[in-house]
Amino acid sequence: MKRLAFKMKLNPGQKEAYVKRHNAIWPELKQLLKDAGVSEYSIFFDEDTHTLFAFQKVTGEGGSQDLSDNPIVKKWWDFMADIMEVNPDNSPVSAALEEVFYMD
């Protein structure tokens with residue numbers, strides 16, 4: 001099992017909206033992530049920098065970042081675009097993070 005982490009950026013003042021939308025995550029998106037091998041998906045928020053830190057465990061080759069062609073994912077991006085930094089296709093601006101320490 002791989003552990004993946006990446007960061008994204010939330011627009012100032014949008015934490016409540018972000019939490020509300022994720023607390024009501026669409027069942028079809030949740031199932032898509034599980035079917036893609038994503039588990040233990042957590043997102044943390046740094047209030048000072050508006051940085052979102054995401055962590056997930058993944059079985060298989062990809063992770064949530066590899067589902068960009070899926071219509072459900074594209075619809076979710078459109079839904080989230082007004083509260084996050086996004087690319088022209090509404091995908092979140094994100095940067096993969098390198099794991100430099102792990103303790104089991």
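Q: Leaving aside its neighbours within four places in sequence, which residues is Asn87 in contact with?
A: This is a predicted model: local features need pLDDT of at least 70 and side-chain atom pairs pLDDT 80 or more, while totals for chains, interfaces and linings use all residues. Residues are numbered from 1 along each chain as its sequence is written, and side-chain values use heavy atoms, without hydrogens or water. With contact meaning heavy atoms within 4.5 Å, and with neighbours within four places set aside, the partners of Asn87 are Pro92 and Val93.

Q: What is the relative accessible area of Asn87?
A: Asn87 sits in the loop between α3 and β4. Residues are buried under 20% relative accessible area, exposed over 50% and partly exposed in between (1.4 Å probe, protein chains only). Asn87 is partly exposed, its value being 31%.

Q: How far apart are the C-alpha atoms of Asn87 and Trp77?
A: Trp77 is one of the buried residues of α3, while Asn87 belongs to the loop between α3 and β4. The two are ten residues apart along the chain, and their C-alpha atoms are separated by 9.9 Å.

Q: In what order do the elements of the protein chain run from the N terminus on?
A: Helices (H or I, at least four residues) and strands (E, at least two) are DSSP runs, numbered from the N terminus. The protein chain has three helices and four strands. Starting at the N terminus, they follow the order β-α-α-β-β-α-β.

Q: Why do the buried residues of α3 lie on the same side of the helix, and what arc do they cover?
A: The buried residues in α3 are Val73, Trp76, Trp77 and Met80. They are on the same side of α3 because, in directions from the helix axis to the C-beta atoms, they cover an arc of only 100°.

Q: Which helices do the buried residues of α3 pack against?
A: One face of α3 is turned away from its buried side, and there the exposed residues Pro71 and Lys75 are found. The buried residues of α3 instead pack against α1 (15-23) and α2.

Q: Which exposed residues does the face of α2 turned away from its buried side carry?
A: Let's start with the buried residues of α2 (27-35), which are Leu29, Leu32 and Leu33. Seen down the axis, they fall within an arc of 100°, so they line one face of the helix. The face turned away from that buried side carries Pro27, Lys34 and Asp35.

Q: What is the phi of Gly37, near what angle?
A: Gly37 follows α2. Its phi is positive, near 95°.

Q: How far apart are the C-alpha atoms of Glu98 and Phe6?
A: Glu98 is in the segment after β4 (94-97), and it is exposed, with a relative accessible area of 70%. Along the chain, Glu98 and Phe6 are 92 residues apart, yet their C-alpha atoms are separated by 8.5 Å.

Q: Among contacts between residues at least 6 apart in sequence, what percentage join residues at least 24 apart?
A: For the chain as a whole, the C-alpha atoms fill a box of roughly 35 × 30 × 25 Å along the principal axes. Of its 104 residues, 29% count as buried. Among contacts between residues at least 6 apart, the share joining residues at least 24 apart is 68%.
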